[in-house]
Amino acid sequence: MKRSRINEIMAQADEMIRSHGFTLPPFAYWSPEEFVSNKVRAKAVISARAGWDITDYGEGDFDALGLFLFTLRNGRLSDLQRGGGMCYAEKLLISEENQISPMHTHVLKAEDIINRGGATLAIELFGSDADGNFDETAGGTVYCDGIERQFTPGEILKFAPGESVTLMPGDWHAFWGEGGAVLIGEVSTVNDDLTDNIFRAPIGRFAQIEEDVAPTHLLVSDYEKWLA
């Protein structure tokens, strides 16, 4: 992805987020230079990989296969492993109309996916085999706003603003906006985007960046280069 396109997506996403009455935290608006100067104070943000995240999954067609994310807070795996402390994470996501976030599951992370506003959120679901692998013949059980619901293999559930679904490890899912862009909330156990996204297709989690202009704000994938 070109950096100029990423900068545009950031500005558009911030406008949509604000239109739904939500404001990102102050560090979201730091310039790269401000982030560098504040990196000691912001070490918890950096280690948690909180911040801007825009991906085309390495496929080069963000409008068709892509996702905007902002990690607001993220806990510590060590806390999750010992069963106490900061065991949670929270994100905002934006799916554009018919923009696919491809079929995947998680090994550790359980997550509530919430339609926070905008259009309809569509989620396609499959279950797993006994080893947790994708199984096109398997359905399963999810909880929609706390209410148990069975799904058949490949069933597409649709969620209006305010509605949600709880997905557990082994629930394979793909999602997109239907009828327009949708603002999505994600509340989960500790999030690890480096190792805990298991995709059905052999694709990447992060975009490859073409630096045609300077970044407006850093992506989480920029931290290693800029803030080491």
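Ala, Val, Leu, Ile, Met, Phe, Trp, Tyr, Cys and Pro count here as nonpolar, Asp, Glu, Lys and Arg as charged, and the others, Gly among them, as polar. The model is predicted: local features need pLDDT of at least 70, side-chain atom pairs count only at pLDDT 80 or more, and totals for chains, interfaces and linings use all residues. Residues are numbered from 1 along each chain as its sequence is written, and side-chain values use heavy atoms, without hydrogens and water.

**Spaces**

The search runs on a 1 Å grid over the protein atoms alone: a cavity is a set of points where a 1.4 Å probe fits but cannot get out, a pocket is an open set with protein on both sides within 12 Å along at least five of seven lines, and lining residues have an atom within 4 Å of a point. Points are joined across faces, edges and corners, and a volume is the space filled by probe spheres set on them.

The whole structure holds 2 cavities of 30 Å³ or more.

| Space | Volume | Lining by class |
|---|---|---|
| Largest pocket | about 440 Å³ | 13 nonpolar, 6 polar, 7 charged |
| Largest cavity | about 150 Å³ | 7 nonpolar, 5 polar, 6 charged |
| Second largest cavity | about 30 Å³ | 5 nonpolar, 1 polar, 1 charged |

The largest pocket is lined by 26 residues, and Ser-47, Ala-48, Arg-49, Asn-74 and Gly-75 are the closest to its centre. Helices (H or I, at least four residues) and strands (E, at least two) are DSSP runs, numbered from the N terminus. Strand E2 gives the largest share of the pocket lining, 4 residues. Helix H3 (43–47) and helix H4 (77–82) are also among the elements that give two or more.

The largest cavity has 18 lining residues; Leu-67, Leu-69, Ser-101, His-104 and Asn-197 are the closest to its centre. Strand E11 gives the most, with 3 residues. The second largest cavity has Phe-206, Leu-219 and Asp-53 among its lining residues.

**Surface and rings**

Leu-77, Val-107, Leu-108 and Ile-198 make a nonpolar surface patch of about 340 Å². Patch residues have over 30% relative accessible area and no salt bridge; like charges are joined within 9 Å, nonpolar side chains (Val, Leu, Ile, Met, Phe, Trp, Tyr) within 5 Å. Areas come from the Shrake-Rupley method with a 1.4 Å probe, and for residues only the protein chains shown count as cover. A salt bridge is a side-chain nitrogen of Lys or Arg within 4 Å of a carboxyl oxygen of Asp or Glu. Leu-108 sits in the loop between E4 and E5.

Rings of Phe, Tyr and Trp (its six-membered ring) pair if their centres lie within 6.5 Å; planes under 30 degrees apart count as stacked, over 60 as edge-to-face and the rest as tilted. There are 8 aromatic pairs. Trp-52 and Phe-68 form an edge-to-face pair, 5.9 Å centre to centre with 70° between the planes. Trp-52 lies in strand E1 and Phe-68 in strand E2, so the pair ties together parts 16 residues apart in sequence.
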